[in-house]
Amino acid sequence: MSIRSTALMARKSLRARLGRTIAIGFAIVAGVSFVVGSFVLADSLKATFDNLFAEVNAGVDLEVRAVNEFGTNASRRDPLPDTLVDEIQAVPGVGMAAPFLQRTAQFVTADGELVTTQGAPTFGVSYSTDTELSGLVLRDGRFPEGLSEVGIDKATSDRERIRLGDAVEVITDAGRFPFEIVGIVSLGNADGFGGATLAVFDFATAQVVFDAGNLADVISISVSDGADIATVQAGITEILPPRTEVITGDQVVQEAGAGISSVISAFGTGLLIFAFITSFVSAFIINNVFAITIGQRLRELALMRAVGASARQVSRMIILEAFVMSVIATLIGILGGIGVARLMIAFFNAAGLGFPPTGTTLLLRTILVAVAVGVGITLASVSVPAIRAARIPPVAAMRPELGFDALNTRRLLGGVIATSAGALSFLIGLFVRPGGNTGLILFAGGGGLLLFLGTASVSSTIARPVTAFLGWPVAKLLRTPGILARQNAGRSPRRTSASASALMIGVALVSAAAVFAASLRDTFVRVLDRSVTADYVITDSSFQGLTPDVATTLRALPELSAVSPIRGAPALIDGERTALGAADPAALGELLDLDLQRGGYEDLGFNAVLVHQDPAANLNLDLGSVVVATFQNGVSVDLTVVGVYADAAVAGNWLISLETLEAISPLPPRDFFVVAKLAPGVEAAFGDSAVRSAMEPFPQAIVQTNAEFREEQEAQINQLLLVITALLLFAILIAILGISITLALAVFERTREIGLLRAVGMTKRQTRRTVRWEAVIVSVFGAVIGVVLGSLIGVALAIAVPDSVIDAVSFSPSTTVVILIGAICAGLLAALYPSYKASRMNVLEAIATE
Amino acid sequence: MTPGIQSQGHAASVTNAYKIYGDGESEVRALDGVTVAFESGRFTAIMGPSGSGKSTLLHCLAGLDTLSEGSVHIGEVDLSTLNDRELTELRRTQVGFVFQTFNLIPTLNAYENIVLPQMLGGERGDQAWIDEVIAAVGLGDRLTHRPSELSGGQQQRVAVARAMASRPQIIFGDEPTGNLDSRTGTEILKFMRAAVDEHHQTIVMVTHDPVAASYADRIIFLGDGKVVDEMLDPTAERVLDHMKGFGE
């Protein structure tokens with residue numbers, strides 16, 4: 001038999017088993033689509049934003065700004081005096097120099113509704129009369145001028161139905177101002193910017209509403225025609241004050257692109273992890289389906305051997321079948337991935353994120369990874385079945401029972417070894433972390449994969465007793481169909497465990513996430529419970545912080561005995577980047593319990609610091625020691641340690657006074673949140689209404705009682721778990737598909753048996769029931785193993801993170817119950833087609849089947 | 001062989017039965033106007049060359065297949081009046097089956113296979129009768145064994161026992177000894193004979209083996225979809241002679 005005849009046989013086989021081919025193809029397509037979709041989405045967004053930044057900054061040749069000592073380019077910078085503009089304008093070759101301000105500003109609609117963004121920033125910006133420099137494009141109306149006019153971005157205008165001529169209010173840190181909408185603008189060709197809102201003022205108005213005095217954040221510069229940018233740059237450098245720099249427009253574009261691309265990359269990587277999990281699950285399904293169909297084709301393969309095909313030709317034929325199928329499926333998957341990416345962008349846009357018109361970026365790298373995933377996992381999945389097929393002796397054509405011996409391999413030993421090695425590697429990755437994060441990913445990730453493979457393998461040896469146990473109530477409840485379902489589930493343990501394993505992986509990951517989230521949540525709640533002694537927590541809706549006026553207003557209330565804002569600033573201490581918290585020392589003791597070991601809150605004076613015991617021990621600090629903190633603007637301060645505390649949950653590792661922080665930077669302060677305590681004797685209801693009415697002028701401030709705040713934190717962790725589950729849903733759906741295919745193949749195999757049952761009096765309903773409950777037993781089997789394995793992984797994860805994050809392991813019984821109910825539903829869903837197939841079987845034909 | 005007890009009526013009958021596949025040129029008449037009745041408590045064999053329609057007749061009698069024209073009665077019931085659920089019910093309670101191969105559910109043990117129809121119906125069944133049938137099967141302690149652990153003869157005995165367990169109006173056998181060696185085949189035939197003689201079962205069996213047919217009380221010969229002859233109290237020699245008479 002030549003290569004050509006092998007190819008012919010492979011082709012015929014693919015066509016003859018079209019249903020199976022489509023099912024396997026679907027598993028490949030799903031995995032590849034998800035992988036490609038993740039890449040295309042991230043790459044397309046990156047390219048779009050790069051283009052957008054280039055477009056917005058097209059007119060900017062140079063930019064002057066304060067130097068930041070460290071940190072990302074997105075970090076805030078100290079402002080510059082606006083008098084610098086005239087000096088720069090005087091430099092030869094400068095065409096136009098325009099100052100810009102960018103702070104926060106929130107719209108209130110004409111109906112008095114605060115415009116919220118679900119976490120996206122609310123920008124307030126100034127524009128320049130030279131619109132080339134500000135990158136804003138007027139879409140309707142005109143640019144605002146003076147203290148009563150404001151412009152708005154088109155996306156927000158469309159979403160909130162804010163129209164030209166509307167009387168709105170704008171809330172800034174300096175207060176609440178009435179404005180009229182006179183212009184609708186876009187950033188280049190983008191209607192909006194990822195759900196953010198944009199309020200546009202002329203520069204002088206911006207200085208007023210932002211209370212920025214005579215300061216500007218940056219100064220954008222265009223050079224006059226024919227001037228050399230580098231020469232002008234050198235000229236400007238000469239006149240700049242210290243700690244100020246001038247950079248090129250290209251660098252501005254590049255830095256902005258890098259900033260957003262790190263966010264997009266993180267997002268893309270997150271998606272990619274789930275995409276690979278989906279592919280891994282697909283591999284299980286593909287492997288299982290091939291293994292089963294080879295069992296079913298035993299006689300055919302043996303016949304080929306009998307008429308002269310070599311063992312290699314048999315395995316080659318099977319591999320060729322898989323290869324052809326995977327190439328086609330991968331191509332479809334690449335197209336599907338582009339579709340997935342477009343769909344997600346459309347979905348984000350529908351949710352009001354207002355992405356700019358996004359092209360589709362398909363990089364060569366994406367195609368290569370898609371091929372590696374699609375073709376790679378298929379060939380890897382089929383290699384073992386193909387080798388086994390080659391071992392089928394020719395005599396099996398006449399006596400099929402002889403062939404099955406060739407298909408049975410010892411799995412237990414390999415499974416146990418793989419499971420142990422996987423678990424060991426996983427634990428080493430988590431706890432030893434050889435080589436830092438790389439080691440963590442390599443050992444824990446690789447170990448995880450091995451662990452899953454091993455467990456899948458081992459589970460075939462326990463499939464029979466466990467399904468018998470799980471099937472017991474089914475058999476009791478449903479009598480004969482139940483008994484048959486139970487026995488069918490335990491009939492081919494290898495097959496049962498393989499189809500259950502796909503589900504096991506999805507469930508294990510959900511369970512691990514559930515244990516981790518429950519532990520995190522419980523620790524968090526315990527910590528908050530202990531460390532926050534304040535009665536109220538005031539936060540803001542867009543994570544930009546609050547104006548200091550909020551704390552000032554609260555301080556004036558007689559119903560409150562203590563009020564403190566919590567601020568923060570990045571700093572370098574002993575060469576390491578860290579964050580310094582800042583609070584009001586006078587009120588601190590009443591509001592937070594940092595579990596102070598030495599010193600006192602009241603000692604936290606100017607240039608003093610409270611330090612957590614861990615960094616204190618690392619740096620050998622004690623009361624009276626001095627540490628040097630360097631801030632982003634280059635200011636260095638000697639801080640004297642006046643206390644050591646044990647609870648870093650709220651304050652972080654370092655805590656200074658507000659006074660110390662304010663002396664360091666002229667940046668207007670913003671408060672992360674504000675905590676407040678009721679004065680003794682004030683009733684809660686009374687205090688509540690006092691605080692809430694005091695906060696009425698600040699609609700951006702969210703007032704929560706201590707308990708409400710805690711509940712919200714819990715809800716956020718629960719939401720995270722939900723998102724993870726949603727992302728795993730794709731893998732779980734493929735697993736359900738896998739159970740469905742396996743079962744359909746089993747039904748096909750048992751045609752005669754089903755025919756016999758029907759002949760001796762089984763009703764169609766009973767037939768459907770038998771198949772249905774077999775599916776349920778198989779999926780619950782997978783779910784049970786998944787819950788057990790996943791919970792163990794979750795426990796390991798919870799122990800591996802520092803005690804300050806998770807100090808005790810908690811389980812989530814409700815999640816487990818939901819998973820098990822979900823598994824029953826998954827089984828019912830998987831059984832829809834096979835049970836229909838089984839009950840529709842013609843009794844006579846079924847009996848006559850060979 | 002002695003004839004069984006004469007019955008009061010007919011366990012099953014077909015009247016003017018036609019089964020036609022295809023039409024026009026390619027029309028095949030598997031049954032071409034068959035009228036035959038099977039008395040209760042007797043053992044009938046249906047013989048005929050391949051394509052004579054004997055299997056089709058059996059399948060239609062058992063409610064596994066439907067006629068193109070004509071009627072089938074099991075006891076007093078006209079099968080054409082039954083829907084799928086009622087037919088299933090009838091198969092479970094009024095009819096027993098023994099096929100040539102693959103008679104047993106591999107996941108159930110011998111005992112469970114015997115009581116399978118009752119289990120499917122959620123009934124206890126007549127325990128005394130079932131015990132009697134099981135005693136007749138003579139499996140002893142092998143009752144809890146799976147089919148794969150039983151010999152071919154034992155498997156067929158279990159199949160006959162299952163067919164008897166619900167005390168059906170009639171038991172149909174589709175070449176029940178076709179897949180067995182002659183010694184085991186004889187063992188099954190004797191078992192079936194005993195079921196008729198001692199337990200008053202009605203059995204209709206399709207076979208092409210003259211020896212097997214000689215265990216019956218009556219043989220019906222089919223040819224080209226028609227009843228061509230009938231023989232009472234046959235012996236193997238007479239059957240063989242008869243078949244030679246057909247010029248085969």
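## A strand between two partners

Ile538(A) stands opposite Val674(A) in β23(A). In β24(A), its bridge partner is Val703(A). Buried means 20 or more other C-beta atoms within 10 Å of the residue's own; exposed means 12 or fewer, and partly exposed lies in between, with C-beta atoms placed from the backbone.

β15(A) pairs antiparallel with strand β23 (residues 673-678) of chain A over three bridges. With strand β24 (residues 701-705) of chain A, β15(A) also runs antiparallel, and five bridges join them. Pairing requires at least two DSSP bridges between the strands. Side chains in a regular strand alternate between the two faces of the sheet.

## Model and overall build

The model is predicted: local features need pLDDT of at least 70, side-chain atom pairs count only at pLDDT 80 or more, and totals for chains, interfaces and linings use all residues. Residues are numbered from 1 along each chain as its sequence is written, while chains are lettered from A and ligands numbered from 1 in the order in which they are written.

Chain A has 25 helices and 24 strands. These are DSSP runs numbered from the N terminus (helices: H or I, at least four residues; strands: E, at least two). The C-alpha trace spans about 100 × 70 × 55 Å along its principal axes. Of the 850 residues in chain A, 49% are buried. Among contacts with a separation of 6 or more, 84% link residues 24 or more positions apart. A contact means C-beta atoms, placed from the backbone, within 7 Å.

## A helix crossing

Helix α21 (residues 706-749) of chain A packs against helix α23 (residues 764-800) of chain A at about 135°, with axes 11 Å apart. α21(A) and α23(A) are therefore oblique to each other. The contact uses Ile739(A), Leu743(A) and Val747(A) of α21(A). From α23(A) come Val771(A), Glu774(A), Ala775(A), Val778(A) and Ser779(A).

## Two positive phi angles

Most residues other than glycine have a negative phi. Asp211(A) is not a glycine, yet has a positive phi of about 55°. Asp211(A) lies in the loop between α6 (203-209) and β12 (215-216) of chain A. Asp211(A) counts as partly exposed, because it has 14 C-beta neighbours inside 10 Å.

Asn607(A), also not a glycine, has a positive phi of about 60°. Its loop runs between β18 (596-599) and β19 (608-612) of chain A. Asn607(A) has 17 C-beta neighbours inside 10 Å, so it counts as partly exposed.

Note on methods
Axes are lines fitted to C-alpha atoms, for helices over the stretch in contact, and angles run from 0 to 180 degrees between N-to-C directions. Angles under 35 degrees count as roughly parallel, over 145 as roughly antiparallel, 65 to 115 as roughly perpendicular and the rest as oblique. Two residues are in contact if their C-beta atoms, placed from the backbone, lie within 7 Å.
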